[in-house]
Amino acid sequence: MSNTDIPSQYRARDVEDRLYQWWEKEGFFNADRDEKKEPYTIVIPPPNVTGILHMGHALNDTYQDILIRYNRMKGKNALWMPGTDHAGIATQNVVERKIAKQGLRRQDLGREKFLEEVWKWKEEYGSTIIRQLKRLGASCDWRRTRFTMDEEYSKAVRYVFVHLYKKGLIYQGNYIINWCPRCHTALADEEAPKKETQGRLYYVKYPIEGEDDSYITVATTRPETILGDTAVAVNPKDERYKGFVGKTVILPIIGRRIPIIADDYVDPEFGTGAVKITPAHDPNDFLVGKRHELEEIVVMDSTGVMTEDAGPYKGMDRFECRKAIVDDLKKQGLLVKIEEHLHNVGHCYRCDTVIEPYLSRQWFVKMKPLAEPAIKAVKDGRIRFTPRRWTKVYLNWMENIQDWCISRQIWWGHRIPVWYCVNEQGERTDCPPIVEMETPEACPHCGNKNLVQDEDVLDTWFSSWLWPFATFYWPSQEDWVKKDLEYFYPTNTLVTAPEILFFWVARMIMAGLEFMGEIPFSDVYLHGTVRDDTGRKMSKSLGNIIDPLEIIEEMGADALRFSLISITAVGQDVYLSRSKFELGRNFTNKIWNASRYILTGLNEEVEDIVWEGPLLLLEDRWILSLLHRLVKDVDRAISQFRFNEAANRLYDFFWHNFCDWYIEATKIKDGKNKEVVLNQQKVLAYVLYNFVHLIHPYMPFISEEIYQILKDRFGFEGETIMLNLYPQEVGIEDISAEEAMETIKSVVSLIRNMRADIGLKPSERPEVLLVSGNVQVLKESVEVIKFLARLSDVRIEQKIDKRPEKSLAGVLPGIEAYLLLEGLVNIDEEIKKLKKKRQEIEKLINKKEALLSNENFASKAPKAVVEAETSKLEELKDAYDRLGAVIDGLKA
């Protein structure tokens with residue numbers, strides 16, 4: 001593309017599609033072992049195969065792409081490992097909804113046929129998120145794309161299960177687990193987040209056996225579980241109940257005899273200080289039951305429906321049963337009272353159903369032995385968290401870690417590699433479970449070939465905790481796998497959200513240390529949550545989602561990326577509205593328009609971008625010094641994960657210094673010989689060349705497009721900007737030039753404000769008198785001041801005897817400025833006009849002050865309205881003071 005062929009408008013969609021196809025075709029994202037280069041590796045947090053790109057992905061993946069592109073340009077062999085997660089519960093739910101439209105349930109199809117449907121769905125829709133990541137500009141090595149249900153990856157999952165089982169760290173047992181009646185599966189504690197819920201506390205009388213009109217009152221939030229009670233407990237130190245311990249009560253409704261026991265678990269402050277104990281339906285009661293050898297009675301099945309042991313309530317839904325029991329307790333005179341009660345209730349992280357504590361046989365991993373080295377790795381600084389506050393959160397969780405329930409009662413996922421020996425009737429024999437990588441031919445204990453595999457699948461996180469090394473085909477012993485792992489593992493940086501710090505990050509650290517003997521990554525950057533501009537989390541139900549693909553379509557991927565990053569502080573939540581993406585779109589257009597101006601204005605004699613020092617003017621030295629500083633600041637900020645700081649430095653430099661001041665200064669031709677003009681054109685191209693390299697990690701498309709035009713014009717050798725070296729020692733360091741130019745900018749800004757204060761038209765060019773002890777700096781830049789402030793002439797004096805007549809005065813530290821207005825403004829009339837305007841503002845100030853001092857308004861108006869009115873008042877006061885200064889500065 002020649003200089004004259006540069007389009008007047010930047011069309012992001014056309015550019016982005018064309019460039020991305022070229023990048024991918026040429027293999028610029030690919031990273032193979034290269035012993036001459038230092039590796040830099042990031043593994044993508046694998047999005048669910050069901051996923052579509054949302055703003056959380058856009059934020060997370062832009063951070064990662066910035067790091068990959070930055071380190072690639074630093075000369076490192078940068079690998080961004082892509083892939084997707086099979087997302088057990090989520091994917092199964094999607095496919096179940098699909099077949100439900102045909103009037104089918106998965107049970108109607110059977111396991112094998114249903115899994116065929118899931119795989120079909122995956123093949124058809126599973127790559128959607130990958131295509132969308134490409135629209136964002138993600139520079140992953142797509143050849144290496146992995147899926148957590150790939151055959152080779154599945155081998156790693158089975159290997160880990162067998163390894164941990166044989167090490168004694170995986171066991172099976174009857175425990176209270178979090179159960180989702182909707183998804184029909186167990187959930188880990190982290191998958192059942194507690195939400196503050198308005199419930200009720202029911203006070204119920206439990207009659208004491210053999211004592212007429214004697215009873216003990218307990219408080220419960222779940223009356224339906226009364227049917228499974230096997231004891232009432234009190235605290236042994238509670239004096240109120242000293243005489244009750246050892247007695248027997250008659251269980252309301254059912255009539256079962258149950259003991260009153262003493263246990264330190266009971267909080268004397270809760271309710272009446274006496275609590276019902278239901279070992280099969282509450283995790284704490286389960287532990288109490290074990291200590292006191294209580295019976296475990298299951299009164300609710302896996303669907304949340306009451307069982308045979310629920311007596312007359314059999315077949316009722318749990319909440320329907322609650323209502324019926326409360327009615328019956330009232331009729332029997334056993335319900336003392338009901339109180340409103342705010343408490344935390346677990347919900348399924350997938351479908352938001354209220355979870356049910358449920359006694360069932362599950363598979364668990366003993367976590368404490370795995371956690372110890374993972375705690376040490378963070379404490380000794382081998383793994384660092386940014387922001388640092390997450391270190392304490394991580395350590396607190398790890399030091400109090402509970403065993404991990406890893407079995408799930410669904411069909412889609414890695415089936416547990418455990419087989420049972422069964423007889424001809426399908427009943428399990430006495431042989432121990434067989435735990436192997438592959439299906440055994442016969443029972444190793446008795447030789448029986450009649451084996452059945454465990455029905456459950458593994459928790460999705462049991463496969464994704466292996467992601468940093470299983471993606472490299474571990475545990476294969478092939479030579480190329482070993483070499484790849486030796487080169488690319490440990491990875492460098494993990495970028496993710498705090499919500500999965502325990503689900504995923506902590507477990508990856510444990511897995512890496514257990515199976516690889518090394519940490520999986522050295523840095524963890526935890527970014528905030530994407531919210532709407534009112535602070536609500538974005539969700540379909542709230543209708544406040546902003547689709548990143550719509551923004552890309554409308555404004556371009558660069559605009560989306562830059563906007564997101566520039567407004568998001570380190571580790572903080574980001575508050576979005578559609579209008580905030582205009583920042584990135586406007587910046588994209590600014591970069592394009594400025595680049596087009598520079599490139600189309602280049603003289604044919606400018607054959608390179610090597611400027612000559614002796615020909616540099618003050619403004620040239622200034623911009624080159626700012627560029628020198630910019631490179632260091634941006635480099636430091638990105639390396640410390642201060643992404644928004646780097647983005648804002650780049651924005652400020654380009655827009656407010658390079659465009660607003662330097663480019664404008666180069667338009668001045670008076671007083672410059674040809675060599676100086678050509679040298680300034682070289683400086684323009686030099687700054688532009690370095691800037692597009694600095695901005696490339698943030699805005700990969702427009703930076704590449706401009707680089708290609710520069711490459712055609714000057715013959716640069718680098719095929720693509722992304723493989724060029726990141727700017728290092730560029731420009732010059734000239735503090736005196738920076739200070740001098742800041743003075744010039746202040747003078748020009750002062751004069752521009754003075755012109756605006758009295759309403760001078762752009763075509764009206766007054767003369768200015770500048771009085772300063774430092775005349776040298778001002779004299780060196782007379783033409784710059786004259787051109788940028790739209791003046792007919794600039795006079796400079798060290799001192800004056802008296803102020804010029806018919807002038808407007810302005811003051812800066814060490815400088816007085818006098819705008820000479822004779823023939824342009826009638827000073828007396830101007831003063832009258834300004835005084836009248838000031839009086840009008842004073843009236844508005846009085847009204848605002850009266851409004852804000854009105855207690856009725858201050859107490860009843862929304863906070864945002866009060867803040868807006870206060871802000872308006874401050875603006876009016878500033879305008880009032882400003883007009884006063886202008887009136888004082890005018891002299892007839």
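A: Start with helix 19 (residues 618-639) and helix 21 (residues 674-695), which pack at an angle of about 15°. Their axes are 11 Å apart. This is a predicted model. Angles under 35 degrees count as roughly parallel, and helix 19 and helix 21 are therefore roughly parallel to each other. The crossing of helix 19 past helix 21 is left-handed.

Now look at the side chains. Helix 19 brings Glu619, Asp620, Ile623, Leu624, Leu627, Leu630 and Val631 to the contact. Helix 21 meets them with Gln680, Val683, Tyr686, Val687, Asn690 and Leu694. By class, nine residues of this contact are nonpolar, two are polar and two are charged.

Two packed helices are described by the angle between their axes and the distance between the axes. Apply that to another pair. Helix 1 (residues 12-26) and helix 22 (residues 700-714) have axes that come within 10 Å. These axes cross at roughly 80°. Angles of 65 to 115 degrees count as roughly perpendicular. Helix 1 and helix 22 are therefore roughly perpendicular to each other.

From helix 1, the contact takes in Val15, Glu16, Arg18, Leu19, Tyr20, Trp22 and Trp23. From helix 22 come Pro700, Phe701, Glu704, Glu705 and Gln708. The residues of this contact divide into seven nonpolar, one polar and four charged.

Next, the strands. Strand 7 (residues 194-207) runs antiparallel to strand 13 (residues 335-346), and eleven bridges join them. Within strand 7 and strand 13, find Gln198 opposite Leu342. Strand 7 also pairs with strand 8 (residues 215-220), over six bridges. That pairing is antiparallel too. Here Tyr206 has Ile216 of strand 8 as its bridge partner.

Last, find an open sheet of four strands, in the order 6-5-14-16. Its pairing is antiparallel. Strand 6 (185-187) and strand 16 (404-405) are the edge strands, and each pairs on one side only. Strand 14 (residues 356-365) is joined to strand 16 by two bridges, and the two run antiparallel. Phe364 has Cys405 in strand 16 as its bridge partner.

Terms used. Residues are numbered from 1 along each chain as its sequence is written. This is a predicted model: local features need pLDDT of at least 70, side-chain atom pairs count only at pLDDT 80 or more; totals for chains, interfaces and linings use all residues. Side-chain values use heavy atoms; hydrogens and water are left out. Axes are lines fitted to C-alpha atoms, for helices over the stretch in contact, and angles run from 0 to 180 degrees between N-to-C directions. Angles under 35 degrees count as roughly parallel, over 145 as roughly antiparallel, 65 to 115 as roughly perpendicular and the rest as oblique. Contact means heavy atoms within 4.5 Å. Ala, Val, Leu, Ile, Met, Phe, Trp, Tyr, Cys and Pro count as nonpolar, Asp, Glu, Lys and Arg as charged, and the others, Gly among them, as polar. A crossing is left-handed if the near helix is turned anticlockwise from the far one by less than a right angle, and right-handed if clockwise. Two strands pair if DSSP finds at least two bridges between them.
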